[in-house]
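Let's walk through a protein model together, one step at a time. Please keep the sequence and the 3D view open as you read.

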Amino acid sequence: MGQGTAGSIYIGLGANLPHPTYGAPVDTLKAALADLSARGVEIRGLSPWYRSAPVPVSDQPWYLNAVAEVATGLPPDGLLAVLHEVEEAFGRVRSTPNAARRIDLDLLDYCGEIAPGGPGKAILPHPRMTARAFVMRPLAALAPAWRHPVSGISVAALVAALPADQIIEKL
């Protein structure tokens, strides 16, 4: 589990606002994982939880982040649609980019596939993941053998190359 094989699917989880029903971000994200399971997306592994400063820097609350390894019979675009359905069910409001949010679920890597995306279609791998400590650090903890599907660069090398100004703490 969590070894980063070519057959693995990874999703990023994040939140920095409390949910009126589920409470703190950690509880909201745990409930979202249970919701994904109920929708037929098997949770195979979960990184440790991390607390991270907003990127870009702002005065909004810090985020709670993790990466999950999942399994599903859905194709990438179908899984992306389910992630969006769960976000909507949990009250995700898409306003301005990088706004504070109750929930954020990102499809990071789907079995090493490469896809250009488009309306309602997944961009694979996630185009901004390698620049984000709040994605790469949890991914490295969960899947230390993972390599970027396009560059082939190891997750350890990508973590080492992250900007030093991104503040992240393992909980």
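How many helices and strands make up the secondary structure of the protein chain? There are 4 helices and 8 strands; these are DSSP runs numbered from the N terminus, with helices (H or I) of at least four residues and strands (E) of at least two.

A word on the ground rules. This is a predicted model, in which local features need pLDDT of at least 70 and side-chain atom pairs count only at pLDDT 80 or more, while totals for chains, interfaces and linings use all residues. Residues are numbered from 1 along each chain as its sequence is written, and side-chain values use heavy atoms, leaving out hydrogens and water.

Now for the overall form. Buried residues make up 47% of the 171, where buried means under 20% relative accessible area, exposed over 50% and partly exposed in between (1.4 Å probe, protein chains only).

Let's look inside. In soluble globular proteins, nonpolar side chains tend to be buried together. Here the largest nonpolar core has 27 residues, and Leu36, Leu79, Val86 and Leu107 have the most contacts inside it. Such a core is a set of buried Ala, Val, Leu, Ile, Met, Phe, Trp, Tyr and Cys residues joined through side-chain atoms within 4.5 Å. Elements that each supply at least two residues of this core include strand 1 (9-15), helix 1 (25-38) and helix 2 (76-89). Apart from it lies another core of 17 residues, among them Met136 and Trp146.

Met136 also brings us to helix 3, where it is one of the buried residues. Why is helix 3 (residues 133-142) largely enclosed by the rest of the structure? It is because 7 of its 10 residues are buried.

Finally, two details of the backbone. Most residues other than glycine have a negative phi, and most peptide bonds are trans. Cys111, in the loop between strand 5 (104-110) and strand 6 (115-118), has a positive phi of about 55 degrees although it is not a glycine. The peptide bond from Leu124 to Pro125 is cis, with omega near -10 degrees, and Pro125 sits in the loop between strand 7 (121-124) and helix 3.
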